[in-house]
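Could you walk me through this structure?

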Amino acid sequence: MPTYTMRVFRGDPGGGEFKDYRVETGEGMVVLDVIHRIQATQAPDLACRWNCKAGKCGSCSAEVNGQPRLMCMTRMNLFADGETVSVAPIRTFPIIRDLVADVSYNFEKAKQVPPLRLRPPDPDGKYRMMQEDVDRPQEFHKCIECFLCQDVCHVIRDHEDKKRAFAGPRFFIKIAGLDMHPLDTRDRSAFIKDQAGVGLCNITKCCTEVCPEHIHITDNGIIPLKERMADGFDPIVWLLRKFRGKSTSRIGRDRTSR
Amino acid sequence: MANESYETHEHDVLVIGAGGAGLRAAIEAAAQGVSVGLVCKSLLGKAHTVMAEGGIAAAMGNVWPEDNWQVHFRDTMRGGRMVNNWRMAQLHAQEAPERVLELERWGALFDRTKDGLISQRDFGGHRYARLAHVGDRTGLEMIRTLQYHGIHQGIDVYMECKVERLMKDGDRISGAFGYWRDTGKFVLFKAKAVVLATGGIGKAWKITSNSWEYTGDGQSLALWAGADLIDMEFVQFHPTHMVWPPSVAGLLVTEGVRGDGGTLKNKDGERFMFNYIPEYYKGETADNIEEAERWYTDKKNNRRTPDLLPRDMVARAIRAEVKAGRGSPHGGVFLDICTRRPADYIRKRLPSMYHQFKELADVDITKEPMEVGPAQHYVMGGVRVDADSTAATVPGLCAAGEAAGGMHGSNRLGGNSLSDLLVFGRRAGLYAALYAKNVGGRLSVDAGQVEAVARETLEPFDRPAGENPYAIQAELQETMQNLVGIIRTEAELKEALKKIEALKARAKNVGAGGGRTYNPGWHTALDVRSLLTVAECCAMAALERTESRGGHTRDDHPYSDDTWGTVNVVLSERGGGISLRREPLPKMPDELNALVQEKA
Ligand code: SF4
Ligand code: SF4
Ligand code: FES
């Protein structure tokens, strides 16, 4: 079986360094399996987060050979036998220890997003939504909150001053998902502009590139939000969209070639 | 520890566990106007509920107007082979539809019917298509909805916090003591009522669909606090998981694959499930391929395919095929959906399955069959609770979701877990809040109790060269896998108990190196105790029940025995050891019994 040198970051807020571990792998193993093998045999206190080992919980985000990835969905056979593979914590957020970063920024941002405001039900007390109207927001609901998009966004990564008034790509699609929700009636215009800071995004698309759920963050989420800002939040367009389905407005136009 | 200070938080209701049940409990308790703390072992929104795939069972009647709570109740009781707590099964069937609609009002976007209502899919053991779902990621939708609703309800959320022990003031609960996983510092919660919503015990087995969190925390905390557990012998081995490559063995393959048209085949291409239809289900199951095939397009006039028998039956059938040498190359069987359904349909209905086989096994499920086999998935047993209030047998303690026992009897139907979390999560939050409101005065937490737990928690650091916690965990997993698996015998169960005893002795010497900040070696050393506790409970109860029923199959007692059909095995801890007794099941009222006996 192939053997690799795993160069794993060990350290805490006080500092740290990469340490090498020689690990033999088995068939089908992913980076997370290798980290677990190191824990079980060489470094029991090596810190990492994980839950599902199936790409569903978004806990195991890290930078593998400098690439932001889920450790549990990164197969070792991507790398040549004998290669050195580096594993480091996602770098935009403060480190706690080893591969574990402090992602509390994201949980604070989550709280700021104005929640759903429900419209009244149909006369028979039921809510009806057509599949074609929920397809778009359902795409955003696939988000596993791995925060890899937040990790690569330069506004959060490089601009300590701006990131306070910036929600980041994960929360842009959260907002877009609420805005496109057929039952929602809340106007988030001011929030989108002022607190979420969608204007700071310059559509580099780095977020979309790393999303393990292949969500079209920029095309389907951020650009419609930006267009709304450009439209000056025309209340007529907004109302039409809410009550007649999205095809009547520019906002819901599908921009992807799926 | 003696002079180590620790932070203290005070709440009326403390909910431990932040999956579906815990979140729903916290939301309900907050709605009652009491102060609520919610402890998550991981980050918020990462709990095991995210992995649930197929759907939420609720008799809403959107696809089949004939469906109603009575039929759902009947299906649940029959699926559990009649040893369910009938009152839980009734409340569950009655309240599930409202709980699903409530999720929709909180923002969940389920897949739709043509009329714009919540679509419902077929699942094993359910007479009608009844599972509200979002593709194959229903659990994710559920936890996100609860999470984003919950964060606006004034609940204090404590992330990456592990509770080590419940605190008591006399007979009743007065709080919980634990540590922060990131800093390793201690934390005390004073609380009038505690809700356990910690999930299952799967990490006691080697091949399991469960995450690292499933170390039997709630069951152990309850037992150590003097509460009873029931039904711990009933463990669900869900029939379909990935079997290859080895590193992903145990990764769940949703029952939705079969619900949406997938069929099981052995290596000769034979649809073997037709050879395994039990008497009990003959009335509602097609006994020939032609009828089963017609069922996919005409469900009214044909009986359903045996591919959708309850999970315990399918798991045993797969095991028998493999044992008889008719398995797939990697020791499973084939699950084929690509011959019935077009690629687009599969990718739309089962996106995660498509993705996970493609990425992790280089298999394109729109072109070739999957290789699948059973793995530990769920425990039906758990904390013994009162059906209406979820109260455990210790005042101030409630339990809901997988941590609680009784609802599912000896075998849970697919889809009944997510609905269980919602129905009993809500009830737990409600009754814990009502109870807390009635607790007069201030509760006291005994400093001596805290001190003792703190000392025990730090002990592994005194033995840096002590036993490797990962090795103990691995040996326990091996033991449970080989000796307390799908098929059990007296000799093997006795052997398992002996091994668990030896591991308990070794666990006393478990060691941890390094410091207290985010140290998984230390965390594992602590988790091993609860894992050993629940493993022992499971093996003891399995040895006691000399019959086969649902998720408990004894090779030496292969048939169900009516006298066993009226009792629960109850476990409790007295004087340091675990003791066991049989107690009669609550008696079902005649009118409900009539529903259950009704033929399909
Ligand atoms: S597209 Fe916008 S949100 Fe995404 S990474 Fe670039 S700047 Fe950040
Ligand atoms: S949008 Fe994609 S990259 Fe961003 S947090 Fe969600 S899943 Fe991760
Ligand atoms: S462990 Fe859940 S996404 Fe990797």
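Here is a tour that starts with the ground rules and then goes through the chains and their ligands.

This is a predicted model, in which local features need pLDDT of at least 70 and side-chain atom pairs count only at pLDDT 80 or more, while totals for chains, interfaces and linings use all residues. Residues are numbered from 1 along each chain as its sequence is written, chains are lettered from A and ligands numbered from 1 in the order in which they are written, and side-chain values use heavy atoms, with hydrogens and water left out.

Let's begin where the two chains meet. On the chain B side 59 residues are in contact with 60 residues of chain A (contact means heavy atoms within 4.5 Å). Between them the chains bury about 4,700 Å², with 57% of it on carbon and sulfur atoms; buried area is the accessible area (1.4 Å probe) that two parts lose on being put together, summed over both. In chain B, the residues that lose the most area to chain A are K46(B), L109(B) and Y148(B), together 15% of what that side buries.

Now to chain A and its sheet. Helices (H or I, at least four residues) and strands (E, at least two) are DSSP runs, numbered from the N terminus, and two strands pair if DSSP finds at least two bridges between them. Strands of a sheet pair through backbone hydrogen bonds, either parallel or antiparallel. In chain A, five strands line up as β2-β1-β5-β3-β4 in an open sheet with mixed pairing. Strands β2 (15-24) and β4 (67-70) of chain A are at the edges with a single partner strand each, so one side of each has no neighbour in the sheet. On average, neighbouring strands of this sheet are turned by 30° against each other, direction ignored; the axes behind such angles are lines fitted to C-alpha atoms, for helices over the stretch in contact, and angles run from 0 to 180 degrees between N-to-C directions. Within the sheet, β1 (residues 3-12) and β5 (residues 84-88) of chain A run parallel and are joined by four bridges, and R7(A) sits opposite S86(A) in β5(A).

A residue is near a molecule or strand if one of its heavy atoms lies within 4 Å of it. By that rule the shell of ligand 1 includes C153(A), H154(A), P169(A), C201(A), I203(A), C206(A) and C207(A). Helices α8 (206-210) and α9 (217-230) of chain A are the elements that give two or more residues to this shell. By class, the shell around ligand 1 has seven nonpolar, four polar and one charged residues; Ala, Val, Leu, Ile, Met, Phe, Trp, Tyr, Cys and Pro count as nonpolar, Asp, Glu, Lys and Arg as charged, and the others, Gly among them, as polar. Around ligand 2 you'll find, among others, C143(A), C146(A), C149(A), R170(A) and C211(A), and that shell has nine nonpolar, no polar and two charged residues.

Most residues other than glycine have a negative phi, and most peptide bonds are trans. I203(A) has a positive phi of about 50° although it is not a glycine, and its place is in the loop between α7 (189-195) and α8 of chain A. Over in chain B, a cis peptide bond with omega of about -5° joins W244(B) and P245(B). P245(B) is in the loop between β11 (235-242) and α6 (256-259) of chain B.

Staying in chain B, how do two of its helices pack? The axes of α3 (residues 86-105) and α11 (residues 416-438) of chain B come within 8 Å and cross at roughly 90°. That makes α3(B) roughly perpendicular to α11(B) (angles under 35 degrees count as roughly parallel, over 145 as roughly antiparallel, 65 to 115 as roughly perpendicular and the rest as oblique). The residues of this contact divide into seven nonpolar, three polar and five charged.

Strands β19 (residues 567-574) and β20 (residues 577-584) of chain B run antiparallel and are joined by eight bridges, with L580(B) in β20(B) as the bridge partner of L571(B). Two residues lie between the strands of this hairpin, where G575(B) takes a positive phi near 60°.
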